[in-house]
2 protein chains.
Amino acid sequence: MIKAAIVGFGNVGRFTFDAIMKAPDMELKFVVSSKDLDIPVPTVKSVDELKDIDVAILCLPSRKVPEVAEKLLSRGISTVDSYDIHSNIAEVRLRLDKIAKANGAKAIISAGWDPGSDSVVRALMLAMIPRGITYTNFGPGMSMGHTVAVKAIDGVKDALSMTIPAGSGVHRRMVYVELKDGADFETVAKAIKADDYFVHDETHVIEVDSVEALKDMGHGVNIFRKGVSGSTDNQRVEFNMSINNPALTAQIMVSSARAVLKQQPGCYTMIQIPPIDYLCGDTDELIRALV
Amino acid sequence: MIKAAIVGFGNVGRFTFDAIMKAPDMELKFVVSSKDLDIPVPTVKSVDELKDIDVAILCLPSRKVPEVAEKLLSRGISTVDSYDIHSNIAEVRLRLDKIAKANGAKAIISAGWDPGSDSVVRALMLAMIPRGITYTNFGPGMSMGHTVAVKAIDGVKDALSMTIPAGSGVHRRMVYVELKDGADFETVAKAIKADDYFVHDETHVIEVDSVEALKDMGHGVNIFRKGVSGSTDNQRVEFNMSINNPALTAQIMVSSARAVLKQQPGCYTMIQIPPIDYLCGDTDELIRALV
C-alpha cells in the first residue's frame, strides 16, 4: 500500500481525499491543514510533522507549491502537485529535479489537466503529426486567475469570470459581477476590460444579483491539431472533455502519486512519464486490456 | 543522426520512407525489399544484409513481424513495428523482451495507431477516470482483415470491406464486391454474412462494377470514455481522428524509432514509453512548448 498525505484541504484537497479513498493501492496517513477537519484521518498543522509517508500530494495554490515541494523533497519525501503557472514550469522543474536527486526523492510537477493530461495529449499529437498547428480551446468553465483579477477591482463585491472557447485558441471572457453599494457599473466594466487579464480578449461584463448562484465546477477543453504525417497533409486529431474541474485535477494527482514512486529520483512533468505507470495493476494485464 | 532501415516496402513502407526523409534527426541507410526499387537509398534483399544501423522499422504484414524482430534483436539491432494482432501482443512482447535484453537491444511493438497511439489515449483516459466504460469506434475506413476474408469467398473477384462506426464500440460492415463471371450475388452475399468475420455485425453487401474506384486510405477513430474520477460521476473524455491510415502508421513508427533508442534494453508497448521520447528536440524546450 502506498502511504500518502494530502497537503492543503481546500476544494482540490477534498476531491483528492475522495480519490485516495477509492484507490485500491493507497492509504491516506495524514492531511495537513491549518483548519480543524471532520475526517477520519490524522490531521497535522504543518508539513514538518509528516513522517513515514511515501508521497505527499500538494493541494495548495500554485504560488505556494515550489517552496513546500522543496521542503519535502529535501527530506526525501516524494511529491505530486498541479502547479499551473505555465511560464515557470520548466524552471521550477529543474530546481526541484536537483533537490530530488540529491535526496533520493521523486516528484511529478504540473500533474493536473492543463498543464497535465492535456500536455500528454499535445505531445502525442506532435508525435503523430510533426508539422502543423495545435489549438487548445478551454471552457466553458470558471477561470480562477481571471476571477481573482476582477475581485481586485474597485467597486466589485463578488465576481466570476467564465472562459468561453471561441475556436483557434481564442477565448471570450464572460465576467459576472456583484457590485458594492454605490459603485458605478460602467466604471467597473471599463476597468475590467482595461485590466491585463482581459485587454487582449473579447470581454463581456454582466451585472448580477448573486454570483454565488452561478458557480459551477464544470469545465472543458477541445484540443485540435491539423497537419502533416511524413509528407501527407490534412491529418486531423482532436481531444474533447467535459469534466468537474477539481475532481479531475485531484484524480490525476492521485494517479500521478502512484506513478511517481516508479520513477528514478528526479522531478518530472507528465510528458516524461510512461502512461502505464499511472495505473493500478499488473503490466501484462494492463497491456492485454489497453493495447 | 539515427541510422534507420526500412524492412518491407509496401504501402506502409513507402510512407515510412517519406516520414524518415522529413525527420531532421534520422538518415535512411537501407531498404530491405525483394523488389527492385527506384529510390536513392541502398536496397538489400534480406535483413541478414543489414549492418551499421541503430534501428530497423518493420513494415511487414503482422504475421511476419515476430520472426523478423527476433532475428534482428538477436543481432543487437533495435526494432519498431506496428504488429496489430491484439490478442497476441502481450505474449509476443514478453518473448521479444527476453531476446532484446539478452542482446542489449530495444524494441517497441505495436507502434501504429490501434494498437499504438489509441492505446496511449485509452491508458491516459483510465488514469483520469479510473471507473467507467471506454468505447473505441473505428472508421469510416477500409478494414484489411475483413477485405481479405471477403476475397476468399467463392465467386468474389475483388472486394472492399468498410468499417462504419455505429457507436458504443459497435460497427457496421459495408462490403463492396465485384463478382466473377457467372457468380450469383445472393449466394455470395449470404456466404459473406455467414463468415466468422461478419456474422456478429450488421453487414450490408453491395455489388459494384469496380472496387478499385472506391479505394481510399482515409480512416478514423472515436474513443469515448464516461465515468468516475474519485467519487465524481459523469466525467467525459473523447478522442477523434480523421487520417490517412498508412501515413499515420508510418509516422508513429518513425517517432517510435526515435523513442526506442532512449529506452533500456527490452521490448515495450507504447503505453510503457514516456511521450516526450517520441519527439525531436531539447527536453526543457519541449516542456516549455507542450506542458
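Two strands count as paired here if DSSP finds at least two bridges between them, and strands (E, at least two residues) and helices (H or I, at least four) are DSSP runs numbered from the N terminus.

**View 1. Strand β13 of chain A meets β13(B).** Here 7 bridges join β13 (residues 232-244) of chain A to β13(B), and the two run antiparallel. Look for Phe239(A), which sits opposite Phe239(B). One thing to keep in mind for every view: this is a predicted model, with local features needing pLDDT of at least 70 and side-chain atom pairs counting only at pLDDT 80 or more, while totals for chains, interfaces and linings use all residues. Residues are numbered from 1 along each chain as its sequence is written, chains are lettered from A and ligands numbered from 1 in written order, and side-chain values use heavy atoms, leaving out hydrogens and water.

**View 2. The two copies, one laid on the other.** A turn of 180 degrees with a shift of 0.0 Å along the axis puts chain B on chain A with an RMSD of 0.1 Å (least squares on C-alpha atoms of residues with pLDDT of at least 70 in both). That's the relation of a two-fold axis. Both copies use the same surface, as 100% of chain B's contact residues recur in chain A (contact means heavy atoms within 4.5 Å).

**View 3. What gets buried between chain B and chain A.** The two chains bury about 5200 Å² between them, 66% of it on carbon and sulfur atoms; that is accessible area (1.4 Å probe) lost on being put together, summed over both parts. Ile271(B), Leu290(B) and Val291(B) supply 13% of the area chain B buries against chain A, more than any other three residues. The contact takes in 61 residues from chain B and 62 from chain A.

**View 4. A salt bridge across the interface.** Glu91(A) pairs up with Arg288(B), their closest N and O atoms 2.5 Å apart. The rule (a side-chain nitrogen of Lys or Arg within 4 Å of a carboxyl oxygen of Asp or Glu) finds 4 salt bridges between chain B and chain A.

**View 5. An open sheet in chain A.** Its 4 strands run in the order β8-β9-β10-β11, with mixed pairing. β8 (141-142) and β11 (202-207) are at the edges with a single partner strand each, so one side of each has no neighbour in the sheet. Further in, β9 (residues 156-165) and β10 (residues 171-179) pair in the antiparallel sense over 9 bridges, and Ala159(A) has Val177(A) as its bridge partner in β10(A).
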